[in-house]
Amino acid sequence: MWASCRRLRALRHWSYERRETALCALSLLLVCVLSACAFVLPTYLLLPLAGLNGLLVIHGLLRRGSIWGVLKLGLVQLSITLSLYLILYGVEHLAQGAVVVARIILATIPGWWLCITAAPERIGEVLSAFLPTKWAFVVAASLSLLPYMADEIREIYQIQCLRGARITPKALRNPKNWSELVYCVLFPVLIQLLKLSRQMAVAAQSRHFGIAQRPTHWHSPRDKND
Amino acid sequence: MTKKIPLSLQDSLFVGFCATLLVALTGMLRLKLGLSGHSMFLMSFFYLICYGVLGRFGSMTACGVIAGIVAMALGVGKGGPMILLKFALPAIAMDLVALLLPLSMNLHWRCVILGIAGCIAWAGKVALTNVLAGMALDVVLIQWGLSVLKGGFFATLGAWLVPPVLTRLKAHDLLHRDKF
Amino acid sequence: MKLLALEGVSFNYGSQLPTVLQEVNLAIGTGQCHCVSGPTGSGKSSLLNLLAGVLNRPHEGDIWRYPQLVTGLVMQDPQTQLLRQTVGAEVAFALENLGIPAEKMLPKVQLALRRVGLYLRLDTQVSTLSLGQKYRLMIAAQLVCEPHLLLLDEPWAQLDDHGVSELLAVLRNLIQDGMALVLVEHNASAFAEIIQHYWQLEVGKLSEGIYTVNNAPQVEAPAWLNQPKFEHLGKVLVSAEAFEFGFDACPTLFACPHGFQLQACEIVTLVGDNGSGKTSLLKTIAGVLNCRQRIPLKVLGRRPKLGIYGAELGLLMQRPSRQLFETSVLAEMQFSLRRFDLPKERAVQMLDELDLFSLAQLSPHKLSYGQQHLIALASLACLRPKVLLLDDPLAGMDKHYYGKVWYLLKRLSSQGCAILLSSHRSIEHSAVSRQLSLRNGLLVEELIETGARYVG
């Protein structure tokens with residue numbers, strides 16, 4: 001009785017997970033559609049689109065996202081494009097330039113919104129659904145290894161600094177020393193990556209990686225009592 | 001595209017790690033430098049490393065696609081599906097050009113040519129967006145030219161560093177292949 | 001019941017390369033525990049890979065496997081084997097690959113975790129586990145497939161004593177359940193209570209018995225070398241007042257109520273369990289790690305900062321092979337000498353002294369683990385630093401290189417260098433002058449019997 005109740009609860013949690021993933025897939029689709037709309041819609045429809053994007057921005061800001069990056073991109077793009085339009089075509093075409101920039105920004109906002117609202121690992125999961133198993137594993141493994149890689153790079157950098165390599169921020173102001181950064185830091189990191197990929201391949205194969213044609217997916221039951 | 005090439009798991013993992021490192025470093029440098037075009041330095045470096053280490057058609061494309069996906073999953077840059085193109089397009093261009101280049105050519109030159117090819121495709125992606133957004137062609141061309149100039153400088157720099165690194169990897173017996 | 005048998009198995013990694021295994025015979029049955037010992041680089045790990053069936057190279061001889069034999073292989077480094085972020089997903093990885101439906105995974109995963117004594121929530125992040133827990137998690141990730149034979153690669157070297165005792169309890173139960181176990185380990189005594197068969201692997205030959213170094217090179221320094229120079233004695237090079245150490249995430253990792261000192265000519269050990277903060281302390285002393293709160297610490301009279309000490313301070317981090325990048329051992333050793341404008345001849349002298357001159361022109365990446373370790377240490381030693389910090393320099397070292405490391409350390413200390421070396425076990429060596437212990441969040445000096453003592 002207890003076991004079946006538990007199983008039921010677990011099943012409910014799995015469906016919750018599935019829902020999350022489906023929601024993320026839908027958001028991804030929405031983002032693609034909205035971005036595409038920004039390019040293909042006629043100008044008079046841009047205003048409603050901007051309204052939609054405005055909703056996304058508000059939602060994103062409520063989720064504590066920072067819009068600064070998009071704004072900066074917009075400003076840079078605006079200044080370059082407008083000045084070029086001004087030089088090439090004169091004042092009367094400035095509005096046209098502004099519309100172009102508006103389209104580009106409208107195409108960017110949905111992506112920004114996705115980054116804030118969807119958990120990156122969900123996006124990864126959705127994208128992985130389109131990838132062959134091996135590459136899905138590669139993406140997941142690379143992502144989970146990122147903190148380790150960052151530590152590794154930092155430590156190698158520090159070791160070489162202590163060994164006297166000319167790679168301190170001060171020394172790097174001189175472009176002559178840039179190659180030292182490549183040899184002392186990037187090169188050992190590459191060697192580490194080569195070794196790591198070999199060991200990880202063995203580890204994955206020792207756990208039967210690549211045996212089943214269609215591997216299944218683990219869904220963690222969000223059960224606090226486990 | 002990546003489907004047709006049976007890479008071993010080890011090689012695929014290496015490609016994946018390179019792609020992740022590329023995305024992470026790009027994100028980091030963006031904060032520090034704020035200079036456009038520098039991402040071409042890292043892109044040409046890592047793609048060409050994959051080309052040199054694996055030495056097969058499609059390795060750069062695989063690296064580019066994975067980098068795009070990783071960038072999306074990490075939320076690097078302004079995000080959204082566009083970033084996938086930003087990483088994948090130069091890689092595909094480089095792979096295609098690599099097919100045309102004779103293997104007898106000096107590795108340095110091969111790398112530089114591939115780097116520049118990647119850069120042109122990279123700038124082409126921005127141009128494509130601009131054309132789609134309805135920008136006047138002159139403006140598109142000028143912006144494209146500027147991007148190629150800036151990116152080309154960094155791409156050449158990145159490509160120039162690859163052959164010595166490959167030679168060293170080989171000296172340490174870390175590559176299975178005899179020729180690049 | 002016999003599970004696996006090797007008969008006259010030989011193999012190598014390439015036709016020109018030396019044979020890794022030569023005519024190896026081995027039979028493993030249910031409930032047996034075998035231990036293979038041998039020097040580093042003798043092919044122990046390759047033997048395990050061969051038994052696990054993950055070796056992609058052809059071999060000679062016969063390998064007989066019980067028809068439905070399932071093997072589980074736990075390698076050394078958890079970092080390369082933990083492939084997922086949460087505990088549940090990690091254990092379920094093998095099940096996913098076998099195509100087991102998601103609903104059937106949960107009981108299997110829970111059982112596997114229970115068998116290794118990990119009572120954690122399934123969505124616990126793997127990164128928050130201690131090394132000992134990670135190790136047991138790796139075993140659980142293999143147990144979930146219900147293997148008949150479990151293969152473990154050098155568990156002792158990376159676990160602290162607490163981790164080893166937890167592991168022993170788990171392994172004892174597994175053997176009672178009829179599982180066969182093969183351990184590769186150079187400290188077999190730590191697992192003596194469960195081991196039934198001892199093997200030693202040397203130059204590719206497997207024979208019964210425990211590997212011992214028969215010709216341990218006693219590179220004893222001449223007596224005059226061990227006499228510290230009078231002018232250095234008592235000079236305080238590193239000093240810290242009472243402080244609390246912590247990160248943003250973990251406000252106090254440990255406290256040091258009385259402060260500590262390091263004096264010239266001393267070799268001080270820093271002993272504590274994995275994750276107690278030894279590495280962070282060493283990095284802080286070297287100025288590599290900057291904490292939010294300021295620690296009242298003076299190194300060579302200054303507040304530590306990366307890059308201000310030049311050749312006067314050396315830090316050897318764990319796995320020193322990652323710092324190697326030059327094309328030859330000699331160039332590698334001369335790198336720092338060149339950068340600090342010191343005489344380059346010191347590198348040659350050092351290699352001569354350590355009896356390693358034959359390696360001078362080789363690529364450092366073709367050396368064995370122990371050799372790489374020693375070269376990295378020697379390249380620091382030829383700078384003749386005033387303060388030398390070593391993070392677990394003896395981990396995974398076999399006895400051959402162990403002696404050479406101590407020779408180097410004694411030599412440096414007699415030249416006036418203050419040496420602080422960390423370890424997750426107490427080091428019993430006559431050259432050690434004091435021990436700092438890092439236990440239960442406290443860094444205090446502990447008395448040891450041997451050697452001269454200075455009060456810090």
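**View 1. How much of chain A is buried.** Of the 226 residues in chain A of this predicted model, 39% count as buried. What about contacts between residues at least 6 apart in the sequence of chain A? Among those, 66% join residues that are at least 24 apart.

**View 2. Helices α10 and α11 of chain C, where they cross.** Here we're looking at α10(C), residues 329-339, and α11(C), residues 345-353. Their axes come within 8 Å and cross at roughly 135°. That angle is why α10(C) counts as oblique to α11(C), since the cut-off for roughly antiparallel is over 145 degrees. As for handedness, α10(C) passes α11(C) in a right-handed crossing.

**View 3. The residues that make the α10(C)–α11(C) contact.** On the α10(C) side, you'll find Leu330(C), Met333(C), Gln334(C) and Leu337(C). Across from them, α11(C) brings in Arg346(C), Ala347(C) and Met350(C). Sort the residues of this contact by type and you get 5 nonpolar, 1 polar and 1 charged.

**View 4. Where chain B touches chain C.** How many residues of chain B are in contact with chain C? There are 5 from chain B, and they're in contact with 4 residues of chain C. The chain B side of this contact divides into 2 nonpolar, 1 polar and 2 charged residues.

Note on methods. Residues are numbered from 1 along each chain as its sequence is written. Chains are lettered from A and ligands numbered from 1 in the order in which they are written. This is a predicted model: local features need pLDDT of at least 70, side-chain atom pairs count only at pLDDT 80 or more; totals for chains, interfaces and linings use all residues. Axes are lines fitted to C-alpha atoms, for helices over the stretch in contact, and angles run from 0 to 180 degrees between N-to-C directions. Helices (H or I, at least four residues) and strands (E, at least two) are DSSP runs, numbered from the N terminus. Angles under 35 degrees count as roughly parallel, over 145 as roughly antiparallel, 65 to 115 as roughly perpendicular and the rest as oblique. A crossing is left-handed if the near helix is turned anticlockwise from the far one by less than a right angle, and right-handed if clockwise. Two residues are in contact if their C-beta atoms, placed from the backbone, lie within 7 Å. Ala, Val, Leu, Ile, Met, Phe, Trp, Tyr, Cys and Pro count as nonpolar, Asp, Glu, Lys and Arg as charged, and the others, Gly among them, as polar. A residue is buried if 20 or more other C-beta atoms lie within 10 Å of its own, exposed if 12 or fewer, and partly exposed in between; C-beta atoms are placed from the backbone.
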